[in-house]
Each structure stands twice: as structure tokens, then as C-alpha cells.
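This report looks at aromatic rings and at the pairing of strands. Please have the sequence and the model at hand while reading.

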Amino acid sequence: MKCPACQKEIMADRRFCTWCEAYVPNPRVGTKAGVARRFWAHILDMVVLVLLFIVVMVVLGGMVAATGSSQSAVGAIVLFVFLTFCAYIAVLFSFLARGLTPGKYLAGEQVVEHLSGRNPGIGRMLLREIIGKWVSGLVFGLGYLWAIWDKDGQAWHDKIAGTIVVKRPSAQPRQ
């Protein structure tokens, strides 16, 4: 079998070319995202969450200081936390619907279906991000490290959801 991108011979059971790392079923989707790049995207996801938490805490502290009354402050705080949570979930679902997380977006990666390279959809992404990542971290993080040894770079959460992570082509506009 020949790689459609570089025309070199590759093994038939591979999703990525061993020479140019192009996604074999559709090279326009992107190339194989390395483990270090995936780790960086995961760190970026955590930084986004921490920054959101810090902003919420600063605003809440300002609200409590400004009101001076604990009864009115509690109502305002509950409303603010609820609205912040709803906004974060809406943004997160918007990213997940496109096969992204905020960290993957910033790192230039995207999650696609393993076999076709198409958008995995919100259901598959929720399975990957919630259940799959919990399973990957269950045994000392072995499921995350599995991507190092897997021929297609799949971690356990990718295998559970039937997904694969690609580095988007730089010429492709971010969605």
C-alpha cells in the first residue's frame, strides 16, 4: 500500500504514514500529533480551567467586598457562579462539537474519527473526554502513556471512543 501524500510504501494496517506521518485515509485532515504535543494541549486545557477559576474567585471577592451585606452577596455569588458555569459549558460544548478542546485548539490539534477522519460529534467527544479519560487515568495514568507505544498514537480514551488525534495542517483555517 502506498501513502497518498508521499507515495512511499507503508503497512496496510496503519492510519498514519511511517514516513511523512500523514493521515492515510485522508491526508488533508492532518498529520500524526505527537505525544508531547498532546501533553501540551492537555496542560493548556488545565491552564484555561485554572485561569477561569482565578477570574471567578477575584470577581466573587470583589462582589463580597462591594456589597458588604452577606445576604445580598450570597445571592449575587450564586447567580454569578451559575452564569459562569453555563457560559463555560456552552463554550466547551461548542469546542467538543468540532472535535476540539480549548487546549487542542491552541495547540493546533483536532480529534477525528479513527477510521474516516471525520468530525467525531458531540456524543463521541463526551464519551472520550468524560468516561474515556477517567479510564485512561485509572491505573497510574497508563491509558495516557499508551499513546507512546500504540502504532496509531491512540491512548485508551481514543480507543474507547474510536478517535485519533491529528495535528491540523497550518494552511487550514481554524474552525
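Which residue has its charged end over the ring of Phe95? The model, which is predicted, places the charged end of Arg98 there, 5.5 Å from the centre of the ring.

**Aromatic pairs**

A pair of aromatic rings is described by two values, the distance of the centres and the angle of the planes. Over the whole structure, a search finds four aromatic pairs. One of them joins Phe95 and Tyr105, and its planes stand at 70 degrees, so the pair is edge-to-face; planes over 60 degrees apart count as such. The centres of these two rings are 5.6 Å apart. Phe95 belongs to helix H2 (residues 70-96) and Tyr105 to helix H3 (residues 102-107), and the pair links these distant parts of the chain, 10 residues apart.

Another pair is formed by Trp146 and Trp156, with ring centres 5.9 Å apart. Here the planes are at 50 degrees, so the pair is tilted. Trp146 is found in helix H5 (residues 142-149), whereas Trp156 is in helix H6 (residues 156-161), so parts that are 10 residues apart in sequence are tied together by the pair. Ring pairs also bring in Trp149, giving a cluster of Trp146, Trp149 and Trp156.

The table lists how accessible the residues of these two pairs are.

| Residue | Relative accessible area | Class |
|---|---|---|
| Phe95 | 14% | buried |
| Tyr105 | 24% | partly exposed |
| Trp146 | 33% | partly exposed |
| Trp156 | 22% | partly exposed |

Why does Phe95 count as buried? Its relative accessibility is 14%, and buried means under 20%, so Phe95 falls in that class.

**Strands**

How many residues of strand S3 are buried? Strand S3 covers residues 163-167, and four of its five residues are buried, so the strand is largely enclosed by the rest of the structure.

Strand S3 pairs with strand S1 and also with strand S2. Strand S1 (residues 31-32) runs antiparallel to S3, and two bridges connect them. In this pairing Thr31 is placed opposite Lys167 of S3. Strand S2 (residues 109-113) is likewise antiparallel to S3, joined to it by five bridges. Glu109 stands opposite Lys167 of S3.

Definitions and conventions: Residues numbered from 1 in each chain as written. Predicted model: local features only at pLDDT ≥ 70, side-chain atom pairs only at ≥ 80, totals over all residues. Heavy atoms only, no water. Phe/Tyr/Trp six-rings, centres within 6.5 Å; stacked < 30°, edge-to-face > 60°. Buried < 20%, exposed > 50% of the residue type's maximum accessible area, 1.4 Å probe, protein only. Lys NZ or Arg CZ within 6 Å of the ring centre and 35° of its normal. Pairing = 2+ DSSP bridges.
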